[in-house]
Amino acid sequence: MASNYDVAIIGAGAAGMMAAFTAGRRGKSVIVLDHAKAPGEKIRISGGGRCNFTNIHATPKNYISQNPHFAKSALARYTPSDFIAMVDRHKIAWHEKTLGQLFCDDSAKDIIRMLLEEMRAVHVDLKLSCEISELEKGPDGFRLSTSEGPILATSLVMASGGKSIPKMGATGFAYRIAEQFSLPVTETRPALVPLTLEPNLLGELSELSGVAVDADVACGKTRFHEALLFTHRGLSGPSILQISSYWREGDEILLSLQPETDFVELLKAAKRENGRQQVQTVLAQHLPKRLAQYLAETAKLERPLADLPDKALSSLSERIRRWPIKPAGSEGYRTAEVTLGGVDTDALDSRSMQAKTVPGLYFIGECVDVTGWLGGYNFQWAWASGHAAGEAV
Ligand code: FDA
């Protein structure tokens, strides 16, 4: 005999848990199934263990999708303030770090505990280490064959996330289910991911591994101004993760290091005031020492300023202000924070997240073709889309 529920949710991540207690509060009987041993594993590791759970500046402009209007409805109906109110109700201390990013003071586990408490309060059933082998729609609803036995549910919510970090159990299962029901899935690719460099350039930059610098990074018309980190594989840091969602193979990115500093003026003034100073010494007052040394060395300008024509100082400054780099690739799903693309929003109703052609089937969170910037936007999408489905099922 199958266990009967109003709603079955696949995935006990951010979106799935939000949808579960939202539906539960409406009196629906809900079961959440996850093949992982613990719920909310990505929440646990997020934000360096402190979970950047939302961004107070979140607007639809912070999301990438083939249909930029799709996210508007859900985001408007469940805002960062709504989530903050729940966090406050659970007495979880939080702080704003930068750029509207909110983090837990103590631990990301507080957020998981809060979501589990909300589910418990409305009697949501949670089955972990549960494998779903088959799933079909019949006249009486969705029939799931699982390692916990057969389950029958009137509505099915796919909240199984994207492909990022397969080591943590990411499967792309939602895309397979979309295809099973003939729903389109847009091209998926790793996003918010470090970029790699070809071996020659990597060798040249090897001495910079571990150096972080404030930078403006542009790809085409898109630019982000945040920290950049040189790594032993290539480039990382918030500005690179952000641009990686827009970068495509073959594209060049343009780095502007410490963009608020006028290096031409700085070097010329230093030359006037004390021409015996070395270029790298002056640069090191505004850039990390190893980077200053590298820039002076590769420009072959490791000399006192008085020995250098202004033209040489201008071209060095131009290099710092406009440094083109062609990444070779990205670190891929192994380290990507999210998956770009997913279930085509054309196939979903933007108010409820329900598939237009399959009544009762919903897709929420990362598996949908809505991808946020770095900085709490992806969780805000998980909460908002989870809430939209939870209100509709
Ligand atoms: P999520 O991936 O969270 O949950 C999916 C669930 O489905 C998982 O529990 C999984 O086990 C389960 N599942 C998958 N396949 C299954 C199957 N076949 N059967 C059963 N269950 C299955 N975002 C942000 O806003 N702020 C932040 O600080 C961070 N930090 C961060 C750090 C790192 C290292 C990563 C990898 C990602 C982030 N993110 C983030 C992104 C954020 O984690 C992500 O956007 C959300 O977790 C997406 O929530 P979902 O609920 O859609 O999927």
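User: Which residues does Thr345 touch, not counting residues up to four places away in sequence?

Analyst: Happy to start there, keeping in mind that this is a predicted model. Thr345 touches Ser65, Asn67, Phe70, Val368, Asp369 and Val370. What makes each of these a contact is that heavy atoms lie within 4.5 Å. As for its place, Thr345 is in the loop between strand E19 (338–340) and strand E20 (361–363).

User: Why is Thr345 called buried?

Analyst: Buried means under 20% relative accessible area. Thr345 has a relative accessibility of 2%, so it counts as buried.

User: And Tyr175: what makes it buried?

Analyst: The reasoning uses the cut-off of under 20%. Tyr175 has a relative accessible area of 5%, and therefore it is buried. This residue is part of helix H6 (residues 173–180). Leaving aside neighbours within four places in sequence, its contacts include Gly161, Gly162, Lys163, Val185 and Thr188. Tyr175 and Ser160 are 15 residues apart along the chain, and their C-alpha atoms are separated by 9.3 Å.

User: Why does Ser236 count as buried, and which residues does Ser236 touch?

Analyst: Its relative accessible area is 12%, so Ser236 is buried, given that the limit is under 20%. Ser236 lies in strand E15 (residues 234–236). Not counting residues up to four places away in sequence, Ser236 touches Pro194, Leu228, Leu229, Thr231 and Leu241.

User: Why is Ser129 called partly exposed?

Analyst: Buried is under 20% and exposed is over 50%, with partly exposed in between. Ser129 has a relative accessibility of 41%, so it counts as partly exposed. You will find Ser129 in the loop between strand E7 (125–127) and strand E8 (132–138).

User: What is the phi of Ser129, and what is the phi of Gln258?

Analyst: Phi of Ser129 is near 50 degrees, a positive value in a residue other than glycine. Gln258 also has a positive phi, near 45 degrees, and its place is in the loop between strand E16 (253–257) and helix H9 (263–273). Here is the background: most residues other than glycine have a negative phi. Another positive phi comes just after helix H11, where Lys300 takes about 55 degrees.

User: How does the reach of H1 compare with what is expected?

Analyst: H1 reaches 17 Å from its first C-alpha to its last, close to the 16 Å expected at 1.5 Å a residue.

User: How do H1 and H13 pack, and is their crossing left-handed or right-handed?

Analyst: Helix H1 (residues 14–25) packs with helix H13 (residues 377–392) at an angle of about 30 degrees, and their axes are 7 Å apart. The crossing is right-handed. Residues meeting there include Ala15, Met18 and Thr22 in H1, and Phe379, Trp383 and Gly386 in H13. The residues of this contact divide into 8 nonpolar, 4 polar and 1 charged.

User: What makes a group of residues a nonpolar core, and which members of the largest one touch the most others?

Analyst: The members are buried nonpolar residues joined through side-chain atoms within 4.5 Å. The largest nonpolar core has 84 residues, and Ile43, Phe83, Ile111, Leu361, Phe363, Trp381 and Trp383 touch the most other members. A second, separate core has 42 residues, including Cys219, Phe230, Leu301 and Trp323.

User: To finish, how many helices and strands does the protein chain have, and what share of its residues count as buried?

Analyst: The chain has 13 helices and 21 strands. Of its 393 residues, 55% count as buried. Among contacts with a separation of 6 or more, residues 24 or more positions apart account for 72%.

How values were computed: Residues numbered from 1 in each chain as written. Predicted model: local features only at pLDDT ≥ 70, side-chain atom pairs only at ≥ 80, totals over all residues. Heavy atoms only, no water. Helix = DSSP H or I, 4+ residues; strand = E, 2+ residues; numbered from the N terminus. Buried < 20%, exposed > 50% of the residue type's maximum accessible area, 1.4 Å probe, protein only. Axes fitted to C-alpha atoms, helices over the stretch in contact; angles between N-to-C directions. Left-handed = near helix turned anticlockwise from the far one by under 90°. Nonpolar A, V, L, I, M, F, W, Y, C, P; charged D, E, K, R; others polar. Expected span 1.5 Å × (residues − 1).
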